[in-house]
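Please open the structure in a viewer and keep the selection tool at hand. The stops below are to be visited in order.

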Amino acid sequence: MRKTYLLFLFFALSSFAQKSNPFAIEASILRGNALPHTEDMYHLVNGHPEGLMVTVVNRTDGSKEWHQAYNYPDYGGYFLYQDFKSQPLGQNYSLGALYNFYFWKRHLQFKLAQGIAYTTNPYDKEDNSKNKAFGSRLMGNTNIGLAYDNQNLFKNIGFHAGILFTHYSNGRMKSPNSGINTYVLNLGLNYNLSEDFKRQPDTTLVKKSYKEPIHYNFVLRTGINENPIINSGQFPFYHISFYADKRINRKSTLQLGTELFLTKSIQEYIKYYSVAYPEENISPNTDYKRVGIFVGHELMINRISLETQIGFYVYEPFKKDIPVYDRVGIKYYFTKNLFGGFTIKTHLFLAEALEFGIGYRL
């Protein structure tokens, strides 16, 4: 009976692999360098980080409008392992979702990936005080890659080579949180589960204009974070945005707006700073609130969009961050009006907050 079952399983797997299957597996080896962006990072980057990235992707077949609009991208999940070759930093393990976009007759691959990372050696006051990069075991992971890609080098086996930029940060949910960036060369193979996978574009689609009148959006973003002082405590924040957007074509929506930042950890930071640095003449009652104006862009894919914004504080009484901030993230439209999102707000390379948002578009 056991032999019969194994024989049946073998034929089932063989049949699965022979059918027109849109899935593919990619594996890459990684080696490169860290990019220290603060002075307390230089002593941590002693070697060349190495790693492994494995992805499982669904190759789009053209059955949906957005497949064709984006030149048949891939989407799926990834596993990333990195050894920083530094005892204080240790190793990171990441899981997440990705898109692969293609250009230059599908030989140039642009990768966008976002996930959650686990580190083996976070900061510890007694055992690992040198690690100012990772203040917690769990954090966010972002990857951007550019590679030459040949998906059918030999039958259903392909080859790719390029460069991958990786970023780790917990969004200052817990200090310290300098985060770390690396750029690595990646070299790997991909295996298509089918040799005869074919795209079948939907020829019934009717071309239409995606231009829209101006819409107005209200967004509440929240979460918890800690100020730069280690063990100062985690506090909630509330970032309230109002902005106008204008969709100009199939892929792009432009934004212009303002927002109010109510970040309680900054209120605690002001109290600490007024006592620790009396020569600065900072009043403990200094207003912690900030007001910003921003411009943004939304890359519309399907129900998912990728959002980028850059802003400037027009009201910032406690000036311990640069006046320019930026935000990147992902949005999901539950309906044409209601959306949710996950974004990271930073001041250049220094993260301030991982934001979970809910919004309404009028």
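A residue is called buried when its relative accessible area is under 20%, exposed when it is over 50%, and partly exposed in between (1.4 Å probe, protein chains only). This is a predicted model, in which local features need pLDDT of at least 70 and side-chain atom pairs count only at pLDDT 80 or more, while totals for chains, interfaces and linings use all residues. Residues are numbered from 1 along each chain as its sequence is written, and side-chain values use heavy atoms, with hydrogens and water left out.

**Aromatic pairs**

Rings of Phe, Tyr and Trp (its six-membered ring) form a pair if their centres lie within 6.5 Å; planes under 30 degrees apart count as stacked, over 60 as edge-to-face and the rest as tilted. By this rule there are 23 aromatic pairs.

Select Phe84 and Tyr168 to begin. Their ring centres are 5.8 Å apart and their planes stand at 80°, so this pair is edge-to-face. The two residues lie 84 apart and link distant parts of the chain: Phe84 is in the loop between strand E3 (74–83) and strand E4 (91–103), and Tyr168 is in strand E7 (residues 157–169). Helices (H or I, at least four residues) and strands (E, at least two) are DSSP runs, numbered from the N terminus. Phe84 and Tyr168 are both buried.

Next, select Tyr99 and Phe101. With ring centres 5.7 Å apart and planes at 20°, the pair is stacked. Tyr99 is buried at a relative accessible area of 11%, and Phe101 is buried at 7%.

**Charges over rings**

A charge sits over a ring if NZ of Lys or CZ of Arg is within 6 Å of the ring centre and within 35 degrees of the ring normal. Select Arg106, whose charged end sits over the ring of Tyr102, 4.2 Å from its centre. Then turn to Arg250, whose charged end sits over the ring of Tyr210, 5.5 Å from its centre.

**Backbone stops**

Most residues other than glycine have a negative phi, and most peptide bonds are trans. Select Tyr72, in the loop between helix H2 (65–69) and E3; its phi is positive, near 55°. Is Tyr72 buried or exposed? Tyr72 is buried, with a relative accessible area of 17%.

Asn281 has a positive phi of about 55° and is in the loop between helix H3 (264–276) and strand E12 (290–300). At 67% relative accessibility, Asn281 is exposed.

Finish at Pro176, in the loop between E7 and strand E8 (180–192). The peptide bond from Ser175 to Pro176 is cis, with omega near 0°.
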